[in-house]
Amino acid sequence: MTERQENAIRLGLVGIGKIARDQHLPALASDDCFVLAATASRNATLDQIPGHADITAMLEGGHALDAVSLCTPPDGRHAQALAAIDAGLHVMLEKPPAATLSEIAALAERARARGVTLFTTWHSREAAGVGPARAWLTGKRIDAVRIAWREDIRRWHPGQEWILAPGGFGVFDPGINALSIATAILPDPLLLESAWMDVPEGRASPLAAGLTMRSGGAQVTAAFDFLQTGPQTWDIEVDTDAGMLRLRMGGSILQLPDAPEMQAPDREYARLYARFAELVAAGESDVDIRPIQLVADAFLLAERRMTAPFAF
Ligand code: NAP
C-alpha cells in the first residue's frame, strides 16, 4: 500500500463479490487518493476493514466517509446510492449504473440537489485501445461496424443467479461493455433499428441477443452470446475509408491498418478511481446513460424468443 494523502477520500465499498475483489480492492490499494474505511456486504467481510451487513449500518457506523463505491448487482443499487447521496457522500457506480433509466435520472437529480458527485463508470472505455481508437476514427468515413461479444456465463459468472433475474441484464451485462465502447468511439449517435433476444424458459433476462443499429451512414451490428465455450471473443471491427480498425479482447488490443498492434497493461480500474477523485475535487458529476439507453431500447424493440431452461 502507498502512503495515503492527508486529505484522502474515505471510501465505503458496497457489495464484496467478484469485481470488488478482482478489481476495486487492488485499484484502491495502489491509489493514495483513497482510504478504504469500511465495507457493506450481506455476507462478505474483509480482514482489518470494519464491515457491515448493509449500507445503512455502514453509513451510521461512524467512519467519517466521504464517498461510496457500489459493486452490488444493478437491481437494488438505486436505494443504496440514494442513501449515500442523502448522507452527503459522493457515489461511484459499477456498470450498468442501475436497473432502470428512471432510477439513474432520479439519482443524477438528487446528487445535483445535494451537491455531491455521481459517477456512472464504464470500465471498458478505460481499456488501453479505446482512446487511441476514438482518436484514429476522428474525421474518417465509417462504413460499417461489427461487434462480437461472446463469452461463457459459467466461466465468468459462476452461480450469479441475479444476472438472469429481472434487472440482471442477462447477456447485456457483458454486452453493455461493447456498447459503452461503441458509444465512446463512434462520432455519430447509435440508433437501434431492430433486435432479437433469446430468453431461457423460467428466466427473465436473455442468454443471447442480436442488435442492428445505425450510426450516421454506417450499419452497426452486435452479436451477444453468453454460451460461448472455447475461445472467448470481445471484438469490435470498424470499416472506414482508411481501412479496418479492430479492437480486440475488450478494447485492450488495437489493430490499425499498416501499424504495429497496440497493447498495454490493464489499468481500467486505476483509471476509473483516478477519474472519480478528479470529479470529486472538481465538484462535478459524470453521468452517461447512452450504453444503458441502447439496452433499454433493445428490451423495447426486440423480438423475444423462449429457449430451453438454463442451469449454472
Ligand atoms: P457478484 O460476484 O455476484 O458480487 C456482487 C456482490 O454483491 C455479491 O457477492 C453480494 O455480496 C452483493 N449483493 C448485494 N445484493 C445482492 C443481490 N441482491 N444479489 C446478489 N448479490 C448481492 O457480482 P460481480 O461479478 O462482482 O458483479 C457486480 C457488478 O459489477 C455488476 O453490475 C457487474 O456488471 C459489474 N462488473 C462485473 C465484472 C465481472 O467480471 N464479474 C466486471 C466488471 C463489472 P453479499 O452476499 O456479501 O451481499
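Biologist: How far is an oxygen atom of the ligand from a polar backbone atom of isoleucine 19?

Modeller: This is a predicted model, in which local features need pLDDT of at least 70 and side-chain atom pairs count only at pLDDT 80 or more, whereas totals for chains, interfaces and linings use all residues. Residues are numbered from 1 along each chain as its sequence is written, and side-chain values use heavy atoms, with hydrogens and water left out. A polar contact is a pair of N or O atoms within 3.5 Å; within protein, one must be able to donate a hydrogen and the other to accept it, and residues adjacent in sequence count only if both atoms are side-chain atoms. For isoleucine 19, the separation from the ligand oxygen is 2.8 Å.

Biologist: What percentage of the ligand's exposed area does the protein bury?

Modeller: Accessible areas come from the Shrake-Rupley method with a 1.4 Å probe, and for residues only the protein chains shown count as cover. Taken alone, the ligand exposes 860 Å², and the share buried by the protein is 81%.

Biologist: How much area do domain 1 and domain 2 bury between them?

Modeller: The domain assignment, automatic or from a database, gives domain 1 as 3-120 and domain 2 as 124-263 + 296-307. Buried area is the accessible area (1.4 Å probe) that two parts lose on being put together, summed over both. Carbon and sulfur atoms carry 68% of the total, which is about 740 Å².

Biologist: Which three residues supply 53% of the area that domain 1 buries against domain 2?

Modeller: Their contribution is more than that of any other three residues. They are Lys18, Lys95 and Pro96.

Biologist: Which residue forms a salt bridge with lysine 95?

Modeller: A salt bridge is a side-chain nitrogen of Lys or Arg within 4 Å of a carboxyl oxygen of Asp or Glu, and one is found across the interface of domain 1 and domain 2. With the closest N and O atoms 3.5 Å apart, lysine 95 is joined to aspartate 173.
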